[in-house]
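Work through the exercises below with the model open. Try each task before reading its solution.

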Amino acid sequence: MIKVNLSGCDSFVKDADLKNYKQKALEAYDILAAGNGAGNDFLGWKDLPDGTPEELIAQCEAVRDDWYGRGVNLVVVIGIGGSYLGARCALEALNHQFILPEDKPRIVFAGNNLSEDYLAEMMDLAERSNVACISISKSGTTTEPAVAFRIVKEHIEARYGKQEAAARIVAVTDAVKGALKTLSTQEGYRTFVVPDNVGGRFSVLTPVGLLPICVAGYDIRAMLRGAADAKKAVTVRSEDNPAIQYAAMRNLLYSELGKKVEILVSFNPRLTYLAEWWKQLFGESEGKDGKGIYPASATFTTDLHSLGQFIQDGSRCLFETTLKVEKAARSVVIGSDPQNLDQLNYLAGQHVEHCNSMAALGTKLAHIDGGVPQIEISMEKIDEYCLGEIFCFFEFACGVSAYQLGVNPFNQPGVEAYKKNMFALLRKPGYEEATKAILAKI
Ligand code: PA5
């Protein structure tokens with residue numbers, strides 16, 4: 001079960017303030033629970049952990065079995081933002097970090113950038129693989145994934161023919177609208193629906209995340225079970241609810257102590273992409289109306305040798321939230337060396353993870369001394385079940401925290417600004433006036 005430990009903030013906050021902010025978090029929780037706040041037409045994610053139909057899970061498994069039967073050894077998953085980060089986070093957490101799977105397809109991601117080099121090299125791999133593709137876009141019109149999909153679709157059709165391509169391409173998109181939906185209907189692709197009432201960054205437990213995770217060979221039923229169990233804990237109206245505790249403390253640190261930056265830290269490189277997913281969740285949900293905590297991330301101990309100096313001694317605008325994993329999956333014990341030339345015999349017989357936890361404790365104490373409040377969130381281990389728990393925990397915590405901050409958690413008006421300029425510069429039809437205006441500026 002997800003646990004939140006706020007003791008690393010004790011020396012920074014007053015009890016009365018924390019009580020007050022917990023009360024405010026409970027009021028925000030009531031808005032989320034009643035579904036009467038801003039953006040309340042985007043609350044479908046609350047029902048996913050315990051309301052995902054068996055039929056949908058079976059459809060994901062049917063795609064997996066079909067592609068395994070065809071000997072597919074590479075699946076290109078196309079998407080950006082919320083249509084990408086959940087699956088990427090889960091696979092980075094669950095995959096072996098060095099050895100490619102032999103009995104399951106390798107999953108690669110495209111459409112999350114516009115780099116020509118990236119796409120060209122991804123296609124080098126596609127050319128020497130038995131390839132299938134999942135194209136994900138809720139709107140069905142986002143430029144980055146649309147460009148990648150055009151290239152991958154062309155490749156698959158040229159290699160396998162149109163009929164076989166229709167078996168090797170699956171779309172995840174809106175039920176009725178958008179270019180990807182129209183194209184999929186026309187080409188006869190299997191399609192999965194992104195529900196209208198679930199925004200991109202809250203969509204990891206829809207087919208947006210579930211389908212790629214399932215095709216990669218992981219147990220999405222266990223993931224949903226973990227999410228459903230976490231939902232029981234985060235939907236209790238109590239100051240002990242971990243989502244309330246987290247939302248209350250981060251709002252207190254932001255509003256009373258001027259801590260404008262939160263660094264999500266882990267001591268396990270498997271969780272680097274969990275932080276990327278979390279950054280989008282909190283960044284897009286809270287960063288608006290001139291408000292919001294800037295979500296940053298670091299993987300320790302690696303980044304203690306780069307960002308460590310700033311965190312210890314630089315501008316005091318930071319607090320840290322450390323994601324602690326209680327059990328390592330593997331065991332590596334440090335051996336004894338008769339010569340002890342490296343002078344490491346004092347560690348002989350110790351697990352590497354023991355050194356990691358001492359590094360974590362030492363860092364926490366040092367950063368408290370350096371004026372950086374510490375929140376700790378613990379998950380038991382890294383597996384499908386616990387990832388389901390952490391997804392659900394952060395989504396509820398984010399909804400509560402954003403309402404507590406006084407913003408609509410479910411819109412993202414700021415994301416449009418760059419798109420308008422890009423379309424104007426690319427001379428997209430319909431953007432003629434914007435093109436004139438932007439050319440006058442540069
Ligand atoms: O959270 C969001 O809404 C965004 O990050 C979207 O997921 C992202 O822009 C991709 O949009 P779409 O799925 O429509 O291609």
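The model is predicted, so local features need pLDDT of at least 70 and side-chain atom pairs count only at pLDDT 80 or more, while totals for chains, interfaces and linings use all residues. Residues are numbered from 1 along each chain as its sequence is written, and side-chain values use heavy atoms, with hydrogens and water left out.

**Exercise 1.** Find how many disulfides the structure holds.

Step 1. A disulfide is a pair of cysteine sulfur atoms within 2.5 Å.
Step 2. For Cys-214, the closest cysteine sulfur belongs to Cys-60; at 5.4 Å, this is too far for a bond.
Step 3. For Cys-317, the nearest cysteine sulfur is that of Cys-9, 15 Å away, and Cys-317 is in no disulfide.
Step 4. The search of the whole structure gives 0 disulfides.

**Exercise 2.** Classify Cys-214 and Cys-317 as buried, partly exposed or exposed.

Step 1. Buried means under 20% relative accessible area, exposed over 50%, and partly exposed in between (1.4 Å probe, protein chains only).
Step 2. Cys-214 has 0% relative accessibility, so Cys-214 is buried.
Step 3. Cys-317 has 22%, so Cys-317 is partly exposed.
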